[in-house]
Amino acid sequence: MADQRGKFVLLTFLYTHCPDVCPLITHNLNESLQMLGADRNEVRVLAVSVDPDGDTPASVHAYAKQHHLLPEFHYLIGSRSELAEVWKKYDVAAVARDPDLVDHTAYTMLVDPSGKGRVIYDSSVQAKDVVHDIRALAS
């Protein structure tokens, strides 16, 4: 997060093989970036994996291509121990029920350019709301 100072950050927790909520969150956050137009240069989406076994560089590449993710949308993967440190910091639970399903905390946090969390959205986050909040905080 320190590397993102000076930018708004939409921090969320996803996995590439999710059958339901993760693609919806992905779509809405990517749509937020699209709606921001040139202002998206000041915004980053950081999607932290909740599936260190299933989220590989290949699956992330395919997911990004499938969802037409913009360059400002970054999908972060790592080992279980690396990701667990991030999950703990942000109070995220991630439990693999079987090889294909992960129960996890699904929220998005809007972090301002100073690094302060300002808004928490649930899994039904809407692009128009995110854009409104970023523009309100930027002004």
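This is a predicted model: local features need pLDDT of at least 70, side-chain atom pairs count only at pLDDT 80 or more; totals for chains, interfaces and linings use all residues.
Is Phe13 buried or exposed? Phe13 is buried, with a relative accessible area of 0%; buried stands for under 20%, exposed for over 50% and partly exposed for anything in between, with a 1.4 Å probe and protein chains only.

Residues are numbered from 1 along each chain as its sequence is written, and side-chain values use heavy atoms, with hydrogens and water left out.

**View 1. An open sheet of 5 strands has the order β3-β2-β1-β6-β7.** The pairing in this sheet is mixed; two strands pair if DSSP finds at least two bridges between them. Strands (E, at least two residues) and helices (H or I, at least four) are DSSP runs, numbered from the N terminus. At the edges stand β3 and β7 (117–121), each with a single partner strand, so one side of each has no neighbour in the sheet. On average, neighbouring strands are turned by 20° against each other, direction ignored. Strand β1 (residues 8–14) and strand β6 (residues 108–111) run antiparallel and are joined by 4 bridges. Look here for Leu11, which stands opposite Met109 in β6.

**View 2. Strand β3 (residues 73–76) shows a covered and an uncovered face.** Phe73 and Tyr75 belong to the covered face, His74 and Leu76 to the uncovered one. In a regular strand, side chains alternate between the two faces of the sheet. Strand β2 (residues 43–49) runs parallel to β3, with 4 bridges between them, and Val48 stands opposite Leu76. From β2 the chain passes through helix α2 (residues 57–66) to β3, a right-handed β-α-β crossover: with the strands pointing away from the viewer, the path from the first strand over the helix to the second runs clockwise. Helix α3 (residues 80–89) lies across β1, β2 and β3, at about 115° to β2. Such angles run from 0 to 180 degrees between N-to-C directions, with axes fitted to C-alpha atoms, for helices over the stretch in contact.

**View 3. Asp51 sits in the loop between β2 and α2.** Asp51 is buried, at 8% relative accessible area. Leaving aside residues up to four places away in sequence, Asp51 touches Tyr15, His17 and Val102, where contact means heavy atoms within 4.5 Å. Its side chain also reaches the backbone nitrogen of Gly54 at 3.0 Å.

**View 4. Phe13, Tyr90 and Tyr107 form one aromatic cluster.** Rings of Phe, Tyr and Trp (its six-membered ring) pair if their centres lie within 6.5 Å; planes under 30 degrees apart count as stacked, over 60 as edge-to-face and the rest as tilted. By this rule there are 3 aromatic pairs. Phe13 and Tyr90 make a tilted one, 6.1 Å centre to centre with 45° between the planes. Phe13 lies in strand β1 and Tyr90 in the loop between α3 and β4 (94–98), so the pair ties together parts 77 residues apart in sequence. Tyr90 counts as buried too, at 15% relative accessibility.

**View 5. Tyr63 and Tyr75 form an edge-to-face pair.** Their ring centres are 5.7 Å apart and their planes meet at 70°. Tyr63 is in helix α2 and Tyr75 in strand β3, 12 residues apart. Both Tyr63 and Tyr75 are buried.

Note on methods:
A polar contact is a pair of N or O atoms within 3.5 Å; within protein, one must be able to donate a hydrogen and the other to accept it, and residues adjacent in sequence count only if both atoms are side-chain atoms.
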